[in-house]
Number of protein chains: 2
Amino acid sequence: MPKAKDNRYWVGFDLGGTKMLATLFDPAFRPVAGKRRRTKGQEGVKAGVARVIETIHDVLSEAQVEPSQLGGVGMGCPGPLDLDRGILLDTPNLGWKNVPIKATIEKEFGCPAFITNDVDAGVYGEYRFGAGQSARCVLGVFPGTGIGGGCVYEGKILRGRTGSCMEIGHVEVVPNGQLCGCGRRGCLEAEASRLAISAAAATAVARGEAPHLQTIAGTEIAKIRSSTLAKAIAEGDVVIEKIVRRAARQIGTAIAGTINLLSPDVVILGGGLVEAMPNLFLKVVRMTARKRVLPSFSRSFKVALAKLGDDAVAMGAAAWAAQIVTSERRPGTQ
Amino acid sequence: MPKAKDNRYWVGFDLGGTKMLATLFDPAFRPVAGKRRRTKGQEGVKAGVARVIETIHDVLSEAQVEPSQLGGVGMGCPGPLDLDRGILLDTPNLGWKNVPIKATIEKEFGCPAFITNDVDAGVYGEYRFGAGQSARCVLGVFPGTGIGGGCVYEGKILRGRTGSCMEIGHVEVVPNGQLCGCGRRGCLEAEASRLAISAAAATAVARGEAPHLQTIAGTEIAKIRSSTLAKAIAEGDVVIEKIVRRAARQIGTAIAGTINLLSPDVVILGGGLVEAMPNLFLKVVRMTARKRVLPSFSRSFKVALAKLGDDAVAMGAAAWAAQIVTSERRPGTQ
């Protein structure tokens, strides 16, 4: 947390597969400028990094803040990262590899920069400003195209030696189940992500079991998005609701297993699926987790919806950068 | 870690179901006196607490150290605990309930006292003085009568809001499997603890499949201890080896799932089963964990045997107490 006398500004950056978002925060951590751009990863690393820098300059200009007034830049980034060296190792959605983004930003703006896994940044954002405020331990789970997880424990983002951890999307929920992108079988992500749900939903459409989804999207899984599923359920496609509820139960089961290990006070649910069907996910996940956790833990946690939506990653990344800079911890131990 | 100028002594206490052990550490954290006693839980709380206090006085006397020279007492204790208030909530092995041991010790010796889950204390001991020294994140797994787990992350014991966490013994490894003491089914502890192995081994004896174990122990599972299993395997009971290997694989599977969440640098194996068959467990657990973890984590950890044996809990409890007292953290946030 910036000290009261601290008069530095902070940039939070959300580098996504399709869009990038920069937010400038004033010394009291109020957002004072924001800029969103398409990422256009396919135009290559050089053009992409130039767009990142341009976007940060844009928010500085908008608020008439000089780079010399910056305390730091925090970036939430996808894919495997080298957190300490600040390198994007491999970003399949963008086609980028080994991008030393930290060094580039630091050189351009003359202030410290830090990268964080995007899900971790989002969970940290919720911990500082959203649904997890002042919790001792927050577990965040974000089911969407994949299923991301992150944990803030006593104010620290839990991480691996070089990159992030908390791979709740790869908890095994079905022995010998669906093949997962990681090469293993039955991972939560392979059974309960939006992609897995859409595939099951398209199958139901093909069988003639989901007339409303048939009308909205047909059997093209790229068209079966979270909002489409929500609409089909609202219109009465019972089979689609069953498919989504199964996924929510599996998410609850994986969360229960994680609670037995980490005993978080708060479990935060966010991401595309949850945003489209918040009550269904909140209710089913909470009930499943309470039922499947160790009896002594069954009242030890609450389950809540994320509050910050798309702002969580940029807010969390900026706040985490500020936390590192203003505490006495060395950057290497972020 | 006590500062160089610190001249305080520390007591580590291991309160076990059958024995209690006190160790006195000098300001450089060398053990200078030790005393072991039967716990005799069945004699009741009052007699038991008196034995604890007597045992601590014994080690002080042995080393001619006054209570006023003590920096603190750390106790590793079984069962659910209220860590901050220092209360043994329920200790089934001893038949004790709601024992305010922290307050009692503090009053008797005039120094701060702290309680820690015994497995956590053991893992912290290994982190400070044993197989996990200077690791960023240590996961300790101790298969014995039950299966305990603990984690030290950047120097801190991970814990729940009021009690301990890291219940790796209750990771589900067999859907709808053996009934567990917690009331659920297929928990690691219900499938792979010494008790579960002994039951399967006794069944093999009853079927005439394990002639050596038949001679050593028969079908009385109380007689089938870890060392008995090791002996039967060494003498050629192939079925017993298969039963133990299955348990080791299940332990490796539960560890793999935990690595995907916490990404420890070091996984430490200890406890009765591992001490009796160290090579079997080390090899099978390591191989299973490497195979079942996310591919990107498969080289991110090493698996090692615990080094401190029975001393780990007392050493860890004392060092954790010293860590709390000598750091500026409030006891309430231990």
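**Exercise 1. The interface between the chains**

Determine how many residues of chain A are in contact with residues of chain B, and describe the side of chain A that is involved.

*Solution.* Step 1. In this predicted model, contacts join 27 residues of chain A to 27 residues of chain B. A contact here requires C-beta atoms that lie within 7 Å.

Step 2. Consider next where the residues of chain A come from. Helix 8 of chain A (residues 238-262) supplies five of them, the largest share of the side that touches chain B.

Step 3. Sorted by class, this side of chain A comprises 13 nonpolar, nine polar and five charged residues.

**Exercise 2. The relation between the copies**

State which rotation and which shift superpose chain A on chain B, and name the resulting relation.

*Solution.* Step 1. In general, a rotation about an axis and a shift along it relate two copies of a chain.

Step 2. For chain A and chain B, the rotation is 180° and the shift along the axis is 0.0 Å, with an RMSD of 0.0 Å.

Step 3. These values therefore give the relation of a two-fold axis.

Step 4. Both copies use the same surface, since 100% of the contact residues of chain A recur in chain B.

**Exercise 3. The domains of chain A**

Identify the domains of chain A and describe how they meet.

*Solution.* Step 1. Chain A is divided into domain 1, made of 9-125 + 310-333, and domain 2, made of 135-306. Their C-alpha centres are 27 Å apart.

Step 2. At their boundary, 14 residues of domain 1 of chain A are in contact with 16 residues of domain 2 of chain A.

Step 3. On the domain 1 side, at least two residues each come from strand 5 (81-82), strand 8 (113-117), helix 3 (118-129) and helix 11 (312-326) of chain A. Helix 3 of chain A gives the largest share, five residues.

Step 4. By class, this side of domain 1 of chain A has eight nonpolar, three polar and three charged residues.

**Exercise 4. Helix 5 of chain B**

Check the length of helix 5 of chain B against its number of residues, and describe its surroundings.

*Solution.* Step 1. Helix 5 of chain B (residues 194-206) has 13 residues; at 1.5 Å a residue they should span 18 Å. The end C-alpha atoms are 18 Å apart, which agrees.

Step 2. The buried residues of this helix include R194(B), I197(B), A201(B) and V205(B).

Step 3. The buried residues of helix 5 of chain B pack against several elements of chain B, among them strand 9 (137-143), helix 7 (226-235) and helix 8 (238-262).

Step 4. Just after the helix, G208(B) adopts a positive phi of about 75°.

Methods:
Residues are numbered from 1 along each chain as its sequence is written. Chains are lettered from A and ligands numbered from 1 in the order in which they are written. This is a predicted model: local features need pLDDT of at least 70, side-chain atom pairs count only at pLDDT 80 or more; totals for chains, interfaces and linings use all residues. Helices (H or I, at least four residues) and strands (E, at least two) are DSSP runs, numbered from the N terminus. The expected span of a helix is 1.5 Å times one less than its number of residues. A residue is buried if 20 or more other C-beta atoms lie within 10 Å of its own, exposed if 12 or fewer, and partly exposed in between; C-beta atoms are placed from the backbone. Two residues are in contact if their C-beta atoms, placed from the backbone, lie within 7 Å. Ala, Val, Leu, Ile, Met, Phe, Trp, Tyr, Cys and Pro count as nonpolar, Asp, Glu, Lys and Arg as charged, and the others, Gly among them, as polar. Domain bounds come from an automatic or database domain assignment. Copies are superposed by least squares on the C-alpha atoms of residues with pLDDT of at least 70 in both.
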